[in-house]
Amino acid sequence: MTKPKHWLFTLALSLLMTSTACAAPKLQVTASFSILADLVRVVGADRVEVNSLVGPDEDAHVFEPKPSDAKRILQSRLLVTNGLGFEPWMLRLIQVAGYRGVVTEASKGIQIRNMPAHGDAIGREIDPHAWQDPTHTMTYVRNIALALSQLDAAGASIYASNAEVYVKELQQLDQWALSQIAAIPPAKRKVITSHDAFGYFAAHYGVTFLAPLGMSTDADPSARDVAKLIRQIQREKIKAVFLENMSNPHLIEQIAQDTGVKLGPRLYVDALSATDDAGSTYLKLMRHNVQTLLAGMQNN
Ligand code: ZN
């Protein structure tokens, strides 16, 4: 009687060893844009395979999903979005694709920032660009860890620990940025960018950002608004004028030309850069932006 039992035990053991030796299938995740995809990669590490609908250097505000994007989300078990109106095309994409998997909003639980809608003193718009404040990105990362854990309970402790290690890096980044910016006299902390994407950064670090476009890149500014901004740049002698990696450069180039200001290096705003460029991860993007902004503000 001992022989069959032994045989069964050996079989069970070998099955167990095969299943642990073979890499378990990775959890398929789609992120709406490249910055979120980086955060999912950090938290999910080798248990997760992530792709991004809006790629590096691309603009999520004006993204138009293709049939291949619908196919892509259908292969995923988790769809991570920013929320706060950043992806106006997402709901329709989910419906058209017939996606039935989990959708998680990475920004859930942050202190939402509103600002008056462009040209409208009464209406208020929600600002979607919460990742520009690293303390909000900590919430993103913890939300992502929770969503991954719910789909892959076996990885829960790994996701939680990856998230907390990264949160410590975000804290270091934040302390560094706070101390660097504090060294700039408040009167010099003025910056011009293409669109209003730095509201959370501005509130957290005490920098004023002015932009000819509103919080989305999809509208044309009025000639009156642009003329007003040009007068302000001249009056306040603002030299810190920057292009963005994912939005149309023409308007800001025109403003720089009209005011005689030399454009600074590009900021990485609503997207990572390509891998060989300075903003290829969220941490690199933030360090690049802070350094670039500091150099610009020192010239004001
Ligand atoms: Zn934006």
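A: Asp-57 sits in the loop between strand E2 and helix H3 (67-74), where helices (H or I, at least four residues) and strands (E, at least two) are DSSP runs numbered from the N terminus. This is a predicted model, in which local features need pLDDT of at least 70 and side-chain atom pairs pLDDT 80 or more, while totals for chains, interfaces and linings use all residues. Residues are numbered from 1 along each chain as its sequence is written, and side-chain values use heavy atoms, without hydrogens or water.

The phi of Asp-57 is near 60°, a positive value in a residue other than glycine. Most residues other than glycine have a negative phi. With a relative accessible area of 26%, Asp-57 is partly exposed, that is, between buried (under 20%) and exposed (over 50%), with a 1.4 Å probe and protein chains only. Ala-45, in the loop between helix H2 (34-44) and strand E2 (48-54), also has a positive phi, near 45°, and Ala-45 is partly exposed at 36%.

At the metal site, the zinc ion is coordinated by His-61 (NE2), His-129 (NE2), His-195 (NE2) and Asp-270 (OD), at 1.9 to 2.0 Å; donors are N, O and S atoms within 2.8 Å of the metal (3.2 Å for Na, K and Ca), and sites may look incomplete because water is not among the atoms. The angles among the four donor atoms run from 97 to 121°, making the site tetrahedral (all angles between 85 and 135 degrees). The donor residues follow the spacing H-x67-H-x65-H-x74-D. His-129 belongs to the loop between strand E6 (124-126) and helix H5 (134-151), and Asp-270 to the loop between strand E10 (264-267) and helix H10 (282-298), so the pair ties together parts 141 residues apart in sequence. His-129 is buried, at 0% relative accessibility, and Asp-270 is buried at 1%.

Helix H5 packs with helix H6 (residues 156-182) at an angle of about 175°, their axes 9 Å apart; axes are lines fitted to C-alpha atoms over the stretch in contact, with angles from 0 to 180 degrees between N-to-C directions. H5 and H6 are therefore roughly antiparallel (over 145 degrees). Their contact (heavy atoms within 4.5 Å) includes Met-138, Val-141 and Leu-148 of H5 and Tyr-159, Val-167 and Leu-170 of H6. The contact residues divide into twelve nonpolar, four polar and three charged, where Ala, Val, Leu, Ile, Met, Phe, Trp, Tyr, Cys and Pro count as nonpolar, Asp, Glu, Lys and Arg as charged, and the others as polar.

Notes. Tetrahedral: all angles 85-135°; square planar, octahedral: opposite > 155°, others 65-115°. Parallel < 35°, antiparallel > 145°, perpendicular 65-115°, else oblique.
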